[in-house]
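I opened this one to see how the chains are built and how they meet. My notes follow in the order I looked things up.

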Amino acid sequence: MIEIRDAKKAFGKNEVLKGVSLKVDTGDVVVILGPSGSGKTTLLRCLNFLERADAGTLIIGDEEVNLHKPSRKQILSVRRKTAFVFQNYGLFNNKTALQNITEGLIVARKVPKAEAIKKAEEVLEWVGLLDKRDYYPSQLSGGQQQRIGIARAVALDPEVILFDEPTSALDPELVGEILEVIKNIAKKGITMVVVTHEMNFAKDVASKVIFMDEGVVVEEGTSDEIFLAPKEERTRQFLKRIIPPEYII
Amino acid sequence: MGDFFKWSRVWEYFPKILSKFPITLEIVLGSFAIGLVLGSIIALIKINKIPVLCQLGSIYISYIRGTPILVQLFIAYYGIPVFVNSVLHIDVNGWDKMVYVYMAYGFNQAGFLAEIIRGAIISVDAVQTEAGYSVGMTGAQTFFRIVLPQATRIALPPMGTTFITLFRSTALAYMLGIMDIMGKAKNLGVTTFHTLEGYVDATIIFVITSIILEQIFNLLNKRLDYGKGRVVKQRKEVAAK
């Protein structure tokens, strides 16, 4: 279980998070929606300390960490319990597809090399890219890179995988294949927090939808509650703009 | 041309001048090593913006890049003994001239390499570091396993250029009385009154070595391309079809 309490973050005078609280149960797929600049990505990045929050508490498993003043040990511990999928893939450019996956296992999690390679091959097979194991990221398409990014996250066997707009850098054509991969992770029962603009994906997969705007959580609920019967006016406005009218009818 | 220039003398001097090639090589390798260590330190100081040291680093780089190597050689040769004697109270009388040559060229390289290294490290995309953190690596692990190899790749071509420039600029070391390629050529000229032949030999040695060095760096570049060359090759093959 993961819980965030009252996370705050400002970049200069611009308050991006104005006290966000969030609870993610084991096996949950939490989708965070919201317009650009609403703080979704910042929230996600504060969760594994890629961004340092100004205040707030993170509870992950049995560990409670101050989001503003974590110790180095806590930062590492939290990062080793989480995995992150980047918008622009974030693959190590100097490592092959296989090494991209084994790197974190061998170096950070001290998994024996042979075991790490076996695990990596397993996840590469699962995303359908085993034949690309010795290719460098520069030799792969965006969709392939992102599948490897996701495979890397899954191989780490984390308590939660954080997805930061995993499809927004891809061609429309490739979005589907990535969403399919993410849906398969959801079926495995892995806990996920997904920031996305893919409404259909949110509807199909989310066990919980969170709508954020201007640094606060405006509304949260099941996907049916949010999409079919939003309580807040701001949520309704947002959905009306995002989803084509015929879809609502 | 009369007796002023004879090819026979070019052949006669060549082995004598070539025998001093190891001295030149020693200066190049020694100074490059000093430059690499010192340059890396200055680069890290500048990247981490360590106060005072960072500004001193900038001044140092301006001095190195803004003054001729000849001036730096003389400053090292005449200035360092004064400094070491009066400030550090160490007797420099027994020091070999080569020490000053290493210092002058090493400090010179440090200035140029610092900027190359700094530029290369900061040009590695921030997401590479973030990705390293996100899989649970420490800062040091991320730097040495992910950022540094990529930065090395970026720094390699400009480093090759400075290396070859350094090789050529060592020709000035003879001004301090070092018997390297240039020193020997000059020396032969003085003793035999036939100066030109020695310089022709030096030219040949410098040109050939520069070409070889260039080839070595090209090879290194291709070796360390992390798959980019293969992509280009694949595309060319596709285009050819």
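**Entry 1: a threonine in a loop**

I began with A:T167, which sits in the loop of chain A that runs between β7 (160-164) and α6. I'm working from a predicted model, so everything here is computed. Is A:T167 buried or exposed? Its relative accessible area is 5%, so I log A:T167 as buried; the cut-off for that label is under 20%. Next I asked which residues A:T167 is in contact with, leaving aside neighbours within four places in sequence. I found A:V175, A:I178, A:L179, A:T196 and A:E198.

I moved on to helix α6 of chain A, residues 172-187, to look at A:G176. With a relative accessible area of 37%, A:G176 goes down as partly exposed, because that class lies between the 20% and 50% limits. I also checked A:G176 against A:D134: they are 42 residues apart in sequence, and their C-alpha atoms are 25 Å apart in space.

**Entry 2: a lysine between two helices**

A:K132 belongs to the loop that links α4 (113-126) and α5 (142-155) in chain A. I got 18% relative accessibility for A:K132, so this lysine counts as buried. That is a call I wanted to check against the cut-off, which is under 20%. What does A:K132 touch, not counting residues up to four places away in sequence? I noted A:A97, A:L140 and A:Q144.

**Entry 3: positive phi**

A reminder to myself: most residues other than glycine have a negative phi.

- A:K110 is not a glycine, yet its phi is positive at about 55°. I placed A:K110 in the loop between α3 (97-108) and α4 of chain A. At 59% relative accessibility, A:K110 counts as exposed.
- A:E214 also isn't a glycine, and its phi is positive, near 45°. I placed A:E214 in the chain A loop between β9 (208-213) and β10 (216-221). Its relative accessibility is 54%, so A:E214 counts as exposed, the limit for that being over 50%.

**Entry 4: chain A as a whole**

Stepping back, I counted ten helices and ten strands in chain A. The radius of gyration is 18 Å, close to the 18 Å that the globule rule gives for 249 residues, so chain A is as compact as a globular protein of that length. Its C-alpha trace spans about 55 × 45 × 30 Å along the principal axes.

How much of chain A counts as buried? I get 56% of the 249 residues. The accessible surface of chain A is about 11,000 Å², and carbon and sulfur atoms account for 47% of that. For contacts in chain A between residues at least 6 apart in sequence, 62% join residues at least 24 apart. On charges, chain A has 35 positive and 36 negative, and their mean positions are 6 Å apart.

**Entry 5: chain B as a whole**

Of the 241 residues in chain B, 42% are buried. Chain B exposes about 12,900 Å², with 69% supplied by carbon and sulfur atoms. Taking contacts in chain B between residues at least 6 apart in sequence, I find that 78% join residues at least 24 apart. Chain B carries 22 positive and 14 negative side chains, and the centres of the two sets lie 8 Å apart.

**Entry 6: where the chains meet**

Last stop was the contact between the chains. I noted that the size of an interface is often given as the accessible area lost when the parts come together. Here chain B and chain A bury about 2,200 Å² between them, and 56% of that is on carbon and sulfur atoms. Which three residues supply more than any others of the area that chain B buries against chain A? They are B:S134, B:V135 and B:Y226, with 25%. By residue count, the contact takes 22 from chain B and 30 from chain A.

Definitions and conventions. Residues are numbered from 1 along each chain as its sequence is written. Chains are lettered from A and ligands numbered from 1 in the order in which they are written. This is a predicted model: local features need pLDDT of at least 70, side-chain atom pairs count only at pLDDT 80 or more; totals for chains, interfaces and linings use all residues. Side-chain values use heavy atoms; hydrogens and water are left out. Buried means under 20% relative accessible area, exposed over 50%, partly exposed in between (1.4 Å probe, protein chains only). Contact means heavy atoms within 4.5 Å. Accessible areas come from the Shrake-Rupley method with a 1.4 Å probe; for residues, only the protein chains shown count as cover. Lys and Arg count as positive and Asp and Glu as negative; His and the chain ends are not counted. The place of a charge is taken as NZ of Lys, CZ of Arg, CG of Asp or CD of Glu. Buried area is the accessible area (1.4 Å probe) that two parts lose on being put together, summed over both. Helices (H or I, at least four residues) and strands (E, at least two) are DSSP runs, numbered from the N terminus. The radius of gyration is taken over C-alpha atoms; the globule rule is 2.2 Å times the number of residues to the power 0.38.
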